[in-house]
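Okay, everyone, let's get going.

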Amino acid sequence: MTPLSTTYYTEDHEWIRVENGVATVGITDHAQEQLGDLVFIDLPSPGASVSKGDALVVVESVKAASDVYAPVDGEVKSVNEALTSEPGLVNSAAEGDGWLWSMSIADESQLEGLMDAETYKKSLD
Amino acid sequence: MTESESLKQLPLQALHERAGAKFAPFAGWSMPVSYPLGVLKEHLHTREHAGLFDISHMRLIEVAGPDAADLVARLCPVEVASQSLGACKYTFLLNDNAGIIDDLIVTRLADDRFMIVANAGRAETDEAWIRTVAAEHDVSIEALDRVFLALQGPYAAAVMAETGFDVSDMRFMSGGEPRPGWFMTRSGYTGEDGFEIAMPLDRAETFAETLAADERVSWIGLAARDSLRLEAGLCLYGNDLDETTDPVSAGLTWAIPKTLRAGGSYVGASRLAEIFASGPDEKRVGLQAEGRQPVRAGAPLTVSDGKPAGRVTSGGFGPSVEHPVAMGYVRADLAQTGTVLSADVRGRPIAMHVTKLPFITKRSQKG
């Protein structure tokens, strides 16, 4: 039995929820708290092909701009259009409605070595 | 982590920790950058109620003695002879090229005594410069050890009155010494009415707690301080001003008395007179990006034909105006309001309109 979805975490404070071979990516609650109130999210275009480590999204707070990186190779399938008018969703629901983009996964082995929720939580201490 | 270990801590660090502050390095200090309220609400709270800032990183330098007035007149383009007791002047230390060593507030406390408020990042440079220029003057120059707070916003005066300071007759850009060891001006860096209050270290915690306990008052961090001053069109030294920019290019001619524009006894006077006569090559302007994406310091600006037009020196998001706000330097012939330029943000062009400063209607009255 494989679970319906698995969520991974990166050292760059992103979460990746994998469901039916599609990854939904966002920043963690810890990350949004560190960044402060977000005022603009620069989202990629659906269809863009990306490589692991690409700076794909820029989240802008009042004070600074920060990159969000692609956690795996693949192709952008959709972006969270709601963030265009309401970037604060990332602050209020970073690991839910504040998701950034979804993408296909070219090579599932790139997920190996990412953290699970418990390991990520410990890494914050 | 050696960098953070060498950072200076504010005297009220523990109080800020208790208030839930997040800290970040600024000008060699570990500064509260935001509090649990968050930068957006901190910004809005200051405009609507009253914001409390710890600005103890700024340096108070007292200049006193028989030659104090002469020294100030040599250091800064101010008309010291007509500066009345208690009057605060926004002015500059200039080098021989009329480049800005620092921007300052100079308050006259007595015929022979002045208080200079210097920027944190420039404090040591300023003090060394003042001592150099003062070499043949009969003055004492003392950097004071104080906690320095700013209370800004429409309720600032009412809150001050409740803490025992009668500020009803105090005009904006005036100041004095309300108690021994204290120094207070009605001034600020937000575009709002407000006060900057320096006090002895042993009085600071009680006073800060008293202010913070007022329900109209909230602690405000450095991030909101920056967005507040940017909306108000105020310069940040190191971003919008440096030793290669002069007051005319910076659009700060209002701070230079008319009688001192064609020359004077202050350092930099002859070069500044030349710039007044010929006009500056570049001018500081307000810039408003189309759309919602902030354009930040360092972004290059071009004209539609691709030729360089200038650069953004401060930029971010304005929580009160609810759009991106920026300022920068552009070629003088492009400085007219309405000119459209293009900023390069991560390789993508963003249209920016030259606009009047400030972005908000200032509520700080001129003295």
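**A hairpin, a helix and a barrel**

So, start with the hairpin of S2(B) and S3(B): it has two residues between the strands, and Ala27(B) there takes a positive phi near 50°. Strands here are DSSP runs of E, at least two residues, and helices are runs of H or I, at least four residues, numbered from the N terminus. Two strands pair if DSSP finds at least two bridges between them. S2 (residues 22-26) and S3 (residues 29-34) of chain B run antiparallel, joined by five bridges, and Lys22(B) has Ser34(B) as its bridge partner.

Quick housekeeping: this is a predicted model, where local features need pLDDT of at least 70, side-chain atom pairs count only at pLDDT 80 or more, and totals for chains, interfaces and linings use all residues. Residues are numbered from 1 along each chain as its sequence is written, chains are lettered from A and ligands numbered from 1 in the order written, and side-chain values use heavy atoms, leaving out hydrogens and water.

Now, which residues of helix H9 (residues 269-278) of chain B are buried? They're Ala269(B), Leu272(B), Ala273(B) and Ile275(B), with buried meaning under 20% relative accessible area, exposed over 50% and partly exposed in between (1.4 Å probe, protein chains only). Down the axis of H9(B), these fall within an arc of 160° (using directions from the helix axis to the C-beta atoms), so they line one face. Turned away from that side are the exposed Ser270(B), Ala277(B) and Ser278(B). The buried residues pack against strand S6 (88-94) of chain B, contact being heavy atoms within 4.5 Å.

Last stop: in chain B, S15-S18-S17-S16-S19-S20 form a closed barrel of six strands with antiparallel pairing.
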